[in-house]
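Hi,

Here is the structure I promised to pass on.

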Amino acid sequence: MNADFDALRPERPLKFLTYGCASLGGNPDNFQDEVRVARSAMEHGLWFHASQEYNCAFWILRRAFDEDPANKPPLFIKVRCDHAATIEFDVEDALSRLNVECVEIAQLCRSRHDRRRIVADFLNHGEMWQVCERLKSQGKVGRFVLEVFSLFSADALQGVENGLFPAYITYLNLGQREMNNPLFEVIHQKRAPIFSLRSVYGGNFDPEKIKVLRARDPKHDIIQKYDVLEPIFRESGCADWVEFSFSFLNSCPNVLSTISGTSKFQRLQELVKAEASARPLPSALSLRIQNLHRQWLKQ
Ligand SMILES: NC(=O)c1ccc[n+]([C@@H]2O[C@H](COP(=O)([O-])OP(=O)(O)OC[C@H]3O[C@@H](n4cnc5c(N)ncnc54)[C@H](OP(=O)(O)O)[C@@H]3O)[C@@H](O)[C@H]2O)c1
């Protein structure tokens, strides 16, 4: 783990699994069940990843936090990084709606999905950098991290080379790596910390889902990825694809934590169990997966 992030809540250090809240709040009929899922994630000591844009996830979280205020989790919140005003608004809005004093991590993202502006601003200590520094000094945000998509890897590359952010957050799982090859190599070389999104690739490699998709669309991108990963899965000895997913992420030395979501109580327990039983893959296997990612990004 990373001492810099652990220090944000020493009594509740960052775990390898972070609970993602995007599936919460979609259906009011499930309100109580979902509050129970959120409370269970709190009891497991997980950090939470959430956003104002996720359905009505904040309703579920607010109720869960009100029911067990002593056990509020450390939070990861998405904020729009187009202007100083949007950064400040999204942070203050999250604090007030969730009734918390701070968020441990704010993820600079959204809107245009173009990071040039924030990277240039941070390099020049502009108004967005200043508002971020102020929010940190007020104790409202612990760290600001940059969201990366492969199309905008060049901006992140500048961030990594200039040490602008303490970590980067991106889709990284068996089926996806949203960093272009040059960025991935530099991140790897510099051991820049990463938060990985979508630990189990949205459940797409679940063998039952694969069977259905194969019958409908055998040439689908997901089927092609599954078929080349499947021999590696068999060699890995992992019990299932969930454990295989966590084992792969465990093999990536700079991944601090991986964000996975569910609105189902049982599935949350499976994710917690898989995270606990996962071990890094033998390096030959994880290199084969990384080579597949390189090839997929070239296509
Ligand atoms: N740009 C961003 O910041 C960004 C983008 C995407 C995601 N996220 C974050 O990452 C979190 C996770 O993303 P995600 O939900 O897309 O990906 P994920 O964690 O890889 O997959 C979770 C999804 O897969 C299903 N699932 C989980 N385990 C399964 C299993 N064993 N078999 C079959 N299906 C399974 C879940 O369905 P059920 O709900 O039915 O269990 C859920 O819809 C989100 O909650 C959000 O916090 C952030």
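This is a predicted model: local features need pLDDT of at least 70, side-chain atom pairs count only at pLDDT 80 or more; totals for chains, interfaces and linings use all residues.

Residue numbers start from 1 along each chain as its sequence is written.

Overall, the chain has 13 helices and nine strands (DSSP runs numbered from the N terminus, H or I of at least four residues for helices, E of at least two for strands). Its radius of gyration, 19 Å, is close to the 19 Å that the globule rule gives for 299 residues, so the chain is as compact as a globular protein of that length (taken over C-alpha atoms; the rule is 2.2 Å times the number of residues to the power 0.38). The C-alpha trace spans about 50 × 45 × 35 Å along its principal axes.

Now the ligand: 24 residues surround it, the closest being Gly20, Ala22, Gly203, Ser260 and Gly261 (C-beta atom, placed from the backbone, within 6 Å). Strand S9 (residues 255-261) gives the largest share of that shell, three residues.

As for the helix pair, the axes of H11 (residues 241-250) and H12 (residues 265-277) come within 8 Å and cross at roughly 50 degrees (lines fitted to C-alpha atoms over the stretch in contact, angles from 0 to 180 degrees between N-to-C directions). Val242, Glu243 and Phe246 in H11 meet Glu270, Leu271, Ala274, Glu275 and Ser277 in H12 (C-beta atoms, placed from the backbone, within 7 Å).

Cheers

Terms used:
Two residues are in contact if their C-beta atoms, placed from the backbone, lie within 7 Å.
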